[in-house]
Amino acid sequence: MHAGGSRSRRVRAMNPKSSDHRVAWEAPAFANDILAFWRPRGTLSRAEREELLRAQVAATRPVISGVLCGGAVLLALVGALEALGWVPGIGYPGWAVLLAALATGAGALLMGRLRDWRARLPLMLACIAVLGVFLSLPPPGASAPLTLRAGLFHLLPIALLALMARRTALACTVALVLALALLRAHWHGAPGGGPALYWLYVLTTLAFGLLLGGYRVAFAVQMYRARLRLREQAITDALTGLLNRAGWNREAPARHAEAVRDGRGLSVAFLDVDRFKSINDRHGHEAGDRVLQTLGTLLRGREILPGTCARLGGEEFVLLAIDTPPVEFEAGIERLRARFRDAMLPLQATLSAGIAHHRPGETLAAQLRRADAALYRAKAAGRDRALVSD
Ligand SMILES: Nc1nc2c(ncn2[C@@H]2O[C@H](COP(=O)(O)OP(=O)(O)OP(=O)(O)O)[C@@H](O)[C@H]2O)c(=O)[nH]1
């Protein structure tokens, strides 16, 4: 999605072997921005789309109320100018104009306080309808110069369409503005410039509102994607692609607590590359990095052992498995060690592991301490082995 600029983009594909320049035309960026409303949000999942929608609604709700309050003030000012005789009236008594302004202002303020969008939507439409009628739709039979008043009213849909995040609200607002324009044309005929200019004006109002709204949504989606990327980076170990310590701290305790609550089986293992310092010293840090990446790939594949894995730092890895019977978990760790040893034959790297199966009422921290103690014993017993905590 392209957020900036409204120039159409011309993509030149140059064939390096000839001087032939093929020119491909892409949809103009502004068209993409408008379409951003109507097509699926690319790679965002349903849950992410909902999170983004909630964030947009929370951010724009006060401004939408502000725009409607502004409309109410505008209506009150027009009513005051009418009362002073500076502006011709359009057929409504002064008290009715003032009452409409007050009701709209109150509705806009109330809207800002309502949590449920299904309650906010009818209130918003009612506010737009009242402003539309009292600012720009004279009662049938009344004759009044409309052009400027309709122009004032049409500023509101432009601003509102630019702020709305829900398609339903957007569609209802467009329908309401069209209905008001139709009624105006039906009761009073087209203003000065004729019907073609009138409808061009109405449709341009809507198109500009939608264009601004599309741009805003496209920008929000871009920012949200950047935020997701940052969130992902913050919990991922760049070398192995596994969770890092922050990611482990965010995910593992919650999964552990949930499994304990549901009475499910839980096993943890600490994994540590043997004599890693000497691998680094003998073969260089790049070779050491490849060793860590190989272990990361084996753990990430999860075909050997499913579960939550992380690189806590250095050459220390941790694994949490839920619902894997202890015997299977231990066999999985042995398979992992064998696969690692085979992959690392040229460097003669081996892996030690400390395993702890869950005891009733045990916290994750306590279970990890037992696994760590088992790893320590595995190292002390000569490395290249997995030991289970008693
Ligand atoms: N290549 C590489 N080395 C790292 C990285 N992080 C930590 N290390 C190195 O890992 C080594 C860890 O060494 P030790 O903690 O002494 O452990 P060891 O040599 O594996 O010995 P044992 O665990 O007792 O078998 C240190 O030399 C660190 O410099 C990394 O991201 N890449």
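**Exercise 1. Is Gly141 buried or exposed?**

Work it out from the residue's place and its accessibility.

*Solution.* Start with the ground rules: this is a predicted model, where local features need pLDDT of at least 70, side-chain atom pairs count only at pLDDT 80 or more, and totals for chains, interfaces and linings use all residues. Residues are numbered from 1 along each chain as its sequence is written, and side-chain values use heavy atoms, with hydrogens and water left out.

Step 1: find Gly141 in the loop between α4 (117-136) and α5 (147-163). Helices here are DSSP runs of H or I with at least four residues, strands are runs of E with at least two, and both are numbered from the N terminus.

Step 2: check the cut-offs. Buried means under 20% relative accessible area, exposed means over 50%, and partly exposed is in between (1.4 Å probe, protein chains only).

Step 3: Gly141 counts as exposed because its relative accessibility is 76%.

Step 4: look for Gly91, 50 residues away along the chain; its C-alpha atom and that of Gly141 are separated by 9.1 Å.

**Exercise 2. Describe the spans 123-140 and 170-187.**

*Solution.* Step 1: UniProt, in an unreviewed entry, lists both among its "transmembrane region" features. Such annotations may be inferred rather than shown by experiment; the feature names are shortened and the positions follow the numbering used here.

Step 1: take residues 123-140, where the end C-alpha atoms lie 25 Å apart and the span is 78% helix and 0% strand.

Step 2: for residues 170-187, the end C-alpha atoms lie 26 Å apart, with 100% helix and 0% strand.

**Exercise 3. Which strand does β4 pair with, and in which sense?**

*Solution.* Step 1: locate strand β4 at residues 308-313, with five of its six residues buried.

Step 1: its partner is β5 (residues 316-322), and the pairing is antiparallel over five bridges. Two strands pair if DSSP finds at least two bridges between them.

Step 2: look at the turn. The two strands form a hairpin with two residues between them, and Gly314 in the turn has a positive phi of about 50°.

**Exercise 4. How many helices and strands does the protein have, and how much of it is buried?**

*Solution.* Step 1: count 12 helices and seven strands.

Step 1: of the 390 residues, 41% are buried.
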